[in-house]
Amino acid sequence: WEMFGSLPWAELIQPAIETALNGFELTQRLGSRSTDDGGVVGYYRKIQTTDASARIYLKPNGDLWEAGERLVQTDYGHTLQLIAEHGPDVVYRGEIAERIIEDFARNDGYITREDLENYEVDVHEPVYGTYRGYDIASNPMPGSGPQVIQILNLLEGYDLPEMGHTDARYVELIARAQKLSFIDRVRYHGDPKFIDDPTELLMSKDRAAELRRYIDREEFPPEPVPNTPPEKGTTTLSAVDEDGNCVALTHTLGSASGVVTPGLGFTFNNCMFQFTPLPGLPNSIAPGKARITGISPSIVFRRGHPILVVGAAGGTRILGAVQHTINNVVDQGMSVSEALMAPRWHWEDITLDTEPRLYFKLKDHFAAKGIKLTYDTSLASLEAIMIDPRTGELTGENDPGRRTGGVAMV
């Protein structure tokens, strides 16, 4: 806000205050009940971790709030009022900080006064790559911008525009490029402050040429130990203002923790579980270290002009969704709506995940090659804006087929 903002701080916070104090109706998705899944504690059990959390997310009789009912967050509204009045520093050194410190000390928590006082926002330059004459700007490590660019570098060696978007060869090429990038992800990705920064290696055209040999031979290099569980609490936003400023923003809570300090009304995140639990790896846990994440908000430029702003929610599937959108626009000439509606696929581990409409079309092709195909209806959810470089006209789209509840607005 200090670097780029034009509106008063309190004015920016006010809509969130009103939403918290007045409440909002839960959608079907927000009102759903999740169970424990893949080693991650489910929603219903998690929100009862602390009494303060249960009082927000459960009715007085202990039932979950249902779709169509109104969730009011009075404590959180008051916390936002403090932030609006005193600025963000109140979270780290003011009244909010004091209540956090007291709560964590009382419950043998790990956050200390020193942690809050020493916190600083990390501001980094984007990473930049090229793809078929387009410039790609994305977030640096420990985010996944370099991986998006690595996949695009791999695909640049093939004539994708001549292939049908859902032809078996096209799907397999992209899937193999994704899989190779995930092998490199486990081997190299981590917080650059704690490891030798691999960004230049991974984003190099030489690295892409080296890995393309595996695609051409339909092979993979030896795979290292798998990395981290999925994250499920991510929000993404793409925005362009009347002055042409572009923002691709992705924020995640992991899947949240169920820990709420009494009176503050917000849930602390649980993203520490995104570290690799084994020692000696780039993403192994360490004090002060940032864990890797699939978020990869990106902006695509043509001759210096932004033409596409895109981001997604959905764990490590985010980066594949962003990569698919760029391919759909650049290689297939799709509009933003077509690019987001087109079927997607994701190959990260032992199964190639596709949407049902692809699964039944291609399962025999991949079965003949010994590739295990599965189908899934939640391959990340996208938000994107296209900008006409000649007229400046904006076209925005929310992922229409994945029940995210998002919307494009002017």
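Two strands are taken to pair if DSSP finds at least two bridges between them. Helices (H or I, at least four residues) and strands (E, at least two) are DSSP runs, numbered from the N terminus. The structure is a predicted model, in which local features need pLDDT of at least 70 and side-chain atom pairs count only at pLDDT 80 or more, while totals for chains, interfaces and linings use all residues. Residues are numbered from 1 along each chain as its sequence is written, and side-chain values use heavy atoms, with hydrogens and water left out.

An open sheet is formed by 6 strands in the order β3-β4-β7-β8-β12-β13, with antiparallel pairing. Strands β3 and β13 (394–398) stand at the edges with a single partner strand each, so one side of each lacks a neighbour in the sheet. From one strand to the next, the twist averages 15°; for angles, axes are lines fitted to C-alpha atoms, for helices over the stretch in contact, and values run from 0 to 180 degrees between N-to-C directions.

Val127, Gly129 and Tyr131 make up the covered face of β3, whereas Tyr128 and Thr130 make up the uncovered one. Strand β4 (residues 134–138) also pairs with strand β7 (residues 298–302) in the antiparallel sense, over 4 bridges; here isoleucine 136 has valine 300 as its bridge partner in β7.

Helix α8 (residues 145–155) packs on the sheet, where it touches β3 and β4, and its direction makes about 15° with that of β3. Burial is defined by relative accessible area: buried means under 20%, exposed over 50%, and partly exposed in between (1.4 Å probe, protein chains only). In α8, 11 of the 11 residues are buried, so the helix is largely enclosed by the rest of the structure. These buried residues pack against β3, β4, α9 (168–188), α10 (199–202), α11 (205–217) and α12 (317–330).

Helix α11 contains tyrosine 214, which is partly exposed, with a relative accessible area of 22%. Leaving aside neighbours within four places in sequence, tyrosine 214 is in contact (heavy atoms within 4.5 Å) with Leu180, Glu219, Phe220 and Pro221. Between tyrosine 214 and threonine 391, the separation is 177 residues in sequence and 43 Å in space, C-alpha to C-alpha.

Strand β12 (residues 381–387) has 7 of its 7 residues buried, so this strand is largely enclosed by the rest of the structure. Ser381, Glu383, Ile385 and Ile387 point one way from β12, and Leu382, Ala384 and Met386 point the other way. Strand β8 (residues 305–313) pairs with β12 in the antiparallel sense over 6 bridges, and alanine 312 has leucine 382 of β12 as its bridge partner. The antiparallel pairing of β12 with β13 comprises 5 bridges, with methionine 386 opposite threonine 395 in β13. In the hairpin of β12 and β13, which has 6 residues between the strands, glycine 392 takes a positive phi near 80°.

Valine 123 lies in the loop between α7 (113–117) and β3 (127–131) and is exposed, with a relative accessible area of 58%.
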